[in-house]
Amino acid sequence: MHKDNQPLIFEITKEGRVGYNLPELDVPEVDVASLLPEGMLRDVEAELPEVSELDIMRHYTALSNRNHGVDTGFYPLGSCTMKYNPKINESVARFPGFANIHPLQDESSVQGAMELMYDLQEHLIEITGMDEVTLQPAAGAHGEWTALMMIRAFHEANGDIERTKVIVPDSAHGTNPASATVAGFETITVKSDENGLVDLEDLRRVAGPDTAALMLTNPNTLGLFEESILEMAEIIHGVGGKLYYDGANLNAVMSKARPGDMGFDCVHLNLHKTFTGPHGGGGPGSGPVGVKADLIPFLPSPVLVKEDDKYTFDYNRPQTIGRVKPFYGNFGINVRAYTYIRSMGPDGLKAVTEYAVLNANYMMRRLEEHFDLPYNRHCKHEFVLSGRRQKKLGVRTLDMAKRLLDFGYHPPTIYFPLNVEEGMMIEPTETESKETLDAFCDALIQIAKEVQENPEIVQNAPHTTVINRLDETKAARQPVLRYSKA
Amino acid sequence: MKHRYLPMTEQDQKEMLDVIGISSIDELFADIPEKVRFKGEYNIKAAKAESALLKELANLADKNADSKKYASFLGAGVYDHFKPIIVDHVISRSEFYTAYTPYQPEISQGELQAIFEFQTMICELTGMDIANSSMYDGGTALAEAGNLAAGHTRRKKLVVSEAVHPEYIDVVKMYAKGQNVQVVTVPTKDGVTDLAKLEQLVDEETAAVLVQYPNFFGQIEDLTKVEQLTHAQKALFVVSANPLALGALTPPGKFGADITVGDAQPFGIAEAFGGPHCGFFAVSSKLMRKVPGRLVGETTDEDGRRGFVLTLQAREQHIRRDKATSNICSNQALNALAASVAMTALGKKGVKEIAIQNITKTHYAKQAFEKAGFEVPFQGAHFNEIVVKVNGSVADANKALLEKGIIGGFDLGRVNSDLKNHVLIAVTEQRTKEEIDALVQEMGALYA
């Protein structure tokens with residue numbers, strides 16, 4: 001990889017080149033302008049590239065070489081569950097019978113797809129301990145919002161219109177409060193206690209007759225299991241609220257504790273995280289929502305049902321919240337998740353969680369003497385270190401993250417959760433070997449040493465990437481969001 | 001447990017437990033209260049080995065009628081278009097598909113640059129100033145446009161044409177409900193938005209007018225008029241456009257659209273039973289800081305080299321939390337990449353050629369239906385869809401057509417009681433003259 005600018009596709013374009021061949025038109029040619037009203041035929045062509053097929057492949061191959069994925073190297077990005085993406089998933093999702101079917105075909109001609117969706121729902125119902133699952137939401141945040149809209153409809157159906165507040169812990173993912181706002185709620189923050197868990201006293205203080213729901217990630221974003229979950233459920237249910245489970249961290253508790261058994265009324269899952277979506281450079285994801293019986297009437301329409309041996313979409317749902325997305329969700333991602341679950345089976349999913357948690361605890365113990373560990377107890381699938389000690393020496397967590405790039409690693413999630421100073425959130429996942437974990441720990445320990453002995457090398461990192469640190473202030477102050485011909 | 005995705009050996013496990021200072025993995029779960037602890041294993045299907053699972057799922061896929069084997073005339077928002085073979089080769093590069101959101105720009109320049117190029121291509125096609133890095137799909141993109149307009153204008157009413165895709169309207173209503181915004185629909189006349197009714201409904205309370213281009217019935221709306229009526233009341237003009245049609249049609253930006261959204265599925269993205277597809281979201285510059293989702297911007301590193309970063313993040317949920325302009329986090333990055341490859345392959349000449357082919361073939365089909373005695377009720381200009389009136393059940397005919405290797409059009413009676421026995425037929429460049437002739441002939445026989 002060299003450090004020259006990689007030309008934009010628009011910069012290698014040359015008039016007269018093509019990257020496609022359409023079949024010859026086999027119907028009589030017509031003067032299209034005569035078929036359109038005056039002024040509707042485009043007079044200025046869209047400036048798209050003019051390049052050959054090889055140009056395109058070289059361009060995107062060069063771009064891919066400037067990108068780090070799980071297949072490139074270790075990617076311990078906390079809260080994102082960057083596990084291996086099985087290749088069989090990709091093959092199955094591309095079967096013509098899954099990839100090339102239309103959502104509005106006659107149901108008799110897509111029974112195979114509907115059977116897969118139904119069986120995936122059944123598997124997710126068992127995994128979450130819920131009573132019903134919808135596959136309609138497109139991603140985690142979309143699932144959060146869907147579930148909150150159902151909670152809102154539930155309260156409204158009970159004439160309970162004063163429930164305008166959603167409680168979220170201070171350690172929550174940013175999507176939680178954002179989803180609450182988009183669903184028309186006001187967000188109330190509940191504090192964490194000195195152990196990194198929800199402060200029960202504070203929860204009792206903020207919960208009340210105006211509480212619509214509590215949104216909770218368990219284990220939380222510190223990777224700690226909320227041990228008082230049953231008391232929390234009692235507090236929230238006691239004031240008439242609903243308990244919402246953010247499934248971003250489900251990889252930590254599969255076969256160990258189900259949201260449905262912990263007192264949660266609804267849950268969203270991130271199929272692109274726990275169930276190997278893949279992540280796609282930022283999506284597409286899939287965010288199914290599971291609910292307990294009393295929320296079933298409010299599920300998005302249509303609901304997939306099985307009658308005798310036939311699958312059908314039920315649109316007759318008088319209390320439904322409506323439709324959150326055209327069609328039936330991100331089917332292609334759901335096919336991949338289903339393939340993964342069927343590849344693992346019950347014993348496999350149990351091992352997934354056990355090894356994910358073992359890996360995280362092993363790393364935490366290897367690193368604890370070199371960094372501050374704000375919450376010293378067994379973690380679940382991830383843990384959060386603090387760079388406080390290094391900051392006193394003039395090196396920030398951001399610098400250490402950039403230095404990790406020189407070792408070929410994607411850094412952990414940094415500066416999150418917000419309640420840890422200079423935080424580094426590390427999630428190894430179960431698909432990484434001990435050798436990989438050791439090599440990463442060695443690198444981080446070496447960086448901690450560099451901070452003491454040679455801080456400049458960390459402060460000025462990265463040194464080996466195709467580009468150095470970028471001027472983000474300039475990007476925001478003088479936004480250039482598209483290419484324009486000079 | 002030995003599994004090809006799980007590298008843990010017994011030896012590893014022992015060494016790791018020693019370092020942690022415990023004797024069994026169970027101890028790591030001791031903090032889960034006994035009362036909620038799940039015992040045993042899930043009651044789900046047993047694991048299947050790769051070859052057996054491939055076979056089972058291939059059989060399941062074969063139960064479906066796919067557009068590789070069947071000639072599909074079904075559109076209504078999802079289309080069977082030419083997909084350059086290189087699209088799958090590019091998006092199968094695992095440096096792209098096994099990465100996540102490019103939070104670390106130094107090792108994500110590939111993804112960031114690809115998205116920057118995507119943003120540029122969407123701007124070019126739509127004639128807008130700024131495009132984001134993608135939304136879930138066209139329906140949620142339109143719904144977010146409605147919410148943006150309500151927030152921007154501080155008005156609480158959206159006026160939506162009934163010639164917008166009915167499922168999109170449903171989603172607009174859902175999102176609006178969350179924000180306590182009212183949605184009013186405008187009836188159609190002759191298959192296009194009734195402009196007289198629109199004029200009555202747009203007032204100083206209106207945040208935005210939302211139309212589709214070409215509309216749900218394949219007809220081309222008079223955007224000049226809609227723009228005038230909308231901006232006369234200082235509402236935002238929102239257009240949901242088929243980006244492939246914009247290869248031949250005057251772009252919404254030229255008609256003064258404030259927001260243009262749509263779905264890039266026609267560019268290289270599989271139908272996939274309705275998702276994942278790829279929403280796009282483009283605005284005029286004055287709305288730059290209100291755009292939902294991720295934006296990639298150009299900048300330089302300390303040596304002056306050009307590079308790309310996620311930018312204007314103060315709009316977004318991970319910074320703004322409950323004050324964010326939207327809750328979107330994961331988007332459709334890989335499909336935006338697929339669309340970019342398809343738009344690149346087609347290029348400047350190809351998008352025009354393919355769009356013209358769609359109009360031409362649809363025109364041919366329209367004439368063939370009329371010659372065969374069918375009524376085509378909406379006679380305005382069309383893109384690649386027409387409505388055909390029939391004298392019997394569309395659902396029954398579609399079942400019969402399947403027997404002949406044809407996936408028939410969309411039964412409009414499913415969504416509009418006035419259009420019982422009307423079928424929406426899509427004719428893309430993929431359909432041959434032979435297939436079109438066969439459809440007309442078979443339908444002629446079925447409805448004789």
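How many bridges join strand β3 (residues 157–161) of chain B to strand β7 (residues 206–213) of chain B? There are 4 bridges, and the two strands run parallel. This is a predicted model, in which local features need pLDDT of at least 70, side-chain atom pairs count only at pLDDT 80 or more, and totals for chains, interfaces and linings use all residues. Residues are numbered from 1 along each chain as its sequence is written, while chains are lettered from A and ligands numbered from 1 in the order in which they are written.

**Chain B overall**

- Chain B has 13 helices and 16 strands; helices (H or I, at least four residues) and strands (E, at least two) are DSSP runs, numbered from the N terminus.
- The C-alpha trace of chain B spans about 80 × 55 × 50 Å along its principal axes.
- Of the 448 residues in chain B, 62% are buried; a residue is buried if 20 or more other C-beta atoms lie within 10 Å of its own, exposed if 12 or fewer, and partly exposed in between, with C-beta atoms placed from the backbone.
- Taking the contacts in chain B between residues at least 6 apart in sequence, 72% join residues at least 24 apart; two residues are in contact if their C-beta atoms, placed from the backbone, lie within 7 Å.
- The UniProt record, an unreviewed entry, annotates residues 3–442 of chain B as "domain: Glycine cleavage system P-protein N-terminal"; UniProt positions are given in the numbering used here, feature names are shortened, and annotations may be inferred rather than shown by experiment.
- That span, residues 3–442 of chain B, is 37% helix and 15% strand, and its end C-alpha atoms lie 53 Å apart.

**Sheets and strand pairing**

- Back at the opening pair, K157(B) has T206(B) as its bridge partner in β7(B).
- In chain A, strand β2 (residues 165–169) and strand β3 (residues 186–190) pair in the parallel sense over 5 bridges, and V168(A) has T189(A) as its bridge partner in β3(A).
- From β2(A) the chain passes through helix α7 (residues 175–182) of chain A to β3(A) in a right-handed β-α-β crossover; right-handed here means that, with the strands pointing away from the viewer, the path from the first strand over the helix to the second runs clockwise.

**Where the chains meet**

- Chain B places 170 residues in contact with 173 residues of chain A.
- Helix α11 (residues 333–371) of chain B supplies the largest share of the chain B side, 24 residues.

- The UniProt annotation "modified residue: N6-(pyridoxal phosphate)lysine", from an unreviewed entry, covers K273(A).
- K273(A) sits in the loop between β6 (266–269) and β7 (289–291) of chain A, and counts as buried because 27 other C-beta atoms lie within 10 Å.
- Not counting residues up to four places away in sequence, K273(A) touches C80(A), T81(A), A248(A) and N251(A).
- H370(A) lies in the loop between α10 (331–367) and β10 (383–386) of chain A, and is partly exposed because it has 18 other C-beta atoms within 10 Å.
- Leaving aside neighbours within four places in sequence, H370(A) is in contact with I445(A) and A448(A).

Methods. Pairing = 2+ DSSP bridges.
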